[in-house]
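Have your viewer ready and try each task before reading on.

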Amino acid sequence: MRIPIHKQLIWWGVAAVTLLLAMWLLGNAILPFILGAGVAYLLDPVADRLERAGLSRVMSVVVITVAAVLAFAAVVLLAVPVMLRQATSLIETAPEMLEQARLFLSNRFPELLPANGNIGTALTDLGAAMGEQMGTVASRLLSSVGGIISAIAILVIVPVVAFYLLLDWDHLVDRVDTLLPREHAPTLRRLSREIDEALSGFVRGQGLVMLILGTWYAIGLMVVGLPFGFFIGIMAALLSFIPYVGVLIGGATAIGVALFSFWGDPLWIGLVIAIFAIGQVVEGNYLQPKIVGHHVGLHPVWLLLALSVFGALFGFVGMVMAVPLAAALGVIGRFLTQRYQESALFTGQALPPDPGQPMLVEIVPEGTVANSIREARIRADQNRAQGQIEIMREEIARKHPDGG
């Protein structure tokens with residue numbers, strides 16, 4: 001007997017609520033496993049390609065693991081110390097920059113910043129507050145980042161989980177496929193493929209875009225000689241997964257530092273502006289269309305909303321899960337929209353009922369049924385008569401056992 005759709009929705013709704021509740025309660029305890037699964041998902045196409053090249057699955061995973069460990073060690077040893085040092089210096093210099101900005105505006109545009117005006121007072125108070133709190137904020141920030149980097153859960157559990165999941169990824173996918181409800185398996189497979197296309201297209205493509213932009217911004221700003229250029233370039237690239245956010249924040253910070261450092265030399269200020277302008281033009285006209293593409297279905301506003309909502313609900317774990325959940329919800333939303341537009345609720349026309357089981361009708365010559373009934377009765381009479389004859393023979397044999 002087929003289970004009604006509304007009961008199926010209730011059961012799957014309970015399962016979804018249970019999953020979200022587990023994420024909320026477990027929090028950071030499951031973060032290493034989520035990160036490990038994400039790493040395995042991102043690296044599975046690389047392992048498949050190495051397998052097609054002739055390596056075994058185990059050897060492919062070993063090669064990927066060694067390359068990932070070497071890349072991570074290089075980043076930690078070369079890039080992270082520079083970024084932390086420049087971030088600390090930028091935080092310590094920020095109050096002086098704000099004070100310079102206030103003095104410049106008050107000298108050049110005194111009508112904008114009167115002696116007791118709100119803007120001037122706000123800038124002064126902000127600079128003083130930053131000067132008092134930057135040491136504490138910087139120490140806490142660096143200690144928290146160092147704690148995250150040195151945490152055993154991140155350094156040990158994530159690589160181990162990623163290694164074993166990557167090793168058995170194809171088997172896990174096949175196993176999950178066998179557990180899909182048979183009635184909805186084709187639809188679920190189609191939705192899964194669309195979610196995979198949206199998620200992989202965005203994450204892998206945007207990761208490559210961020211790598212290219214980070215390299216361009218960091219090297220360009222360092223060549224120009226901008227203080228804190230490496231840190232500003234990397235931060236601008238990391239924020240570029242939301243269009244215009246990275247270039248606005250990174251560009252504003254770089255131009256502000258350039259004005260503070262290169263005042264009186266407009267050539268270098270113009271070069272800083274040109275670096276971000278070229279990066280934005282190349283990203284918008286080549287990198288995003290060619291690498292990420294427009295088919296992934298993750299609108300910047302939708303992605304920003306997902307980051308805000310899931311971050312508020314589940315903390316850092318929610319922010320990590322925001323992109324895959326946004327991709328899944330986007331695909332499901334488009335599917336439900338399509339079903340709604342095909343339904344009577346949208347068209348206003350009731351759909352015809354599903355046809356029942358067809359009735360098979362056999363056309364035979366007239367009298368065939370009557371003849372069949374008559375022949376059946378004759379056979380029944382013959383069987384009855386034969387049965388009576390057998391009974392009489394048994395009684396005669398019983399009465400005359402000697403055959404007399």
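**Exercise 1.** Classify Phe163 by its relative accessibility, then describe its ring pair with Tyr164.

*Solution.* Phe163 has 24% relative accessibility and counts as partly exposed (buried is under 20% relative accessible area, exposed over 50%, partly exposed in between, with a 1.4 Å probe and protein chains only). This is a predicted model, where local features need pLDDT of at least 70, side-chain atom pairs count only at pLDDT 80 or more, and totals for chains, interfaces and linings use all residues. Residues are numbered from 1 along each chain as its sequence is written, and side-chain values use heavy atoms, leaving out hydrogens and water.

Now the ring pair: the centres of Phe163 and Tyr164 are 5.4 Å apart with planes at 90°, so the pair is edge-to-face (ring centres of Phe, Tyr and Trp, by its six-membered ring, within 6.5 Å; planes under 30 degrees apart are stacked, over 60 edge-to-face, the rest tilted).

**Exercise 2.** Which residues touch the most other members of the largest nonpolar core?

*Solution.* Start with the core (buried Ala, Val, Leu, Ile, Met, Phe, Trp, Tyr and Cys residues joined through side-chain atoms within 4.5 Å): among its 31 residues, Met23, Leu166, Leu303 and Val317 touch the most other members. Then look at its sources: α11 (300–342) gives the largest share, 14 residues (helices are DSSP runs of H or I, at least four residues, numbered from the N terminus).

Conventions: Helices (H or I, at least four residues) and strands (E, at least two) are DSSP runs, numbered from the N terminus.
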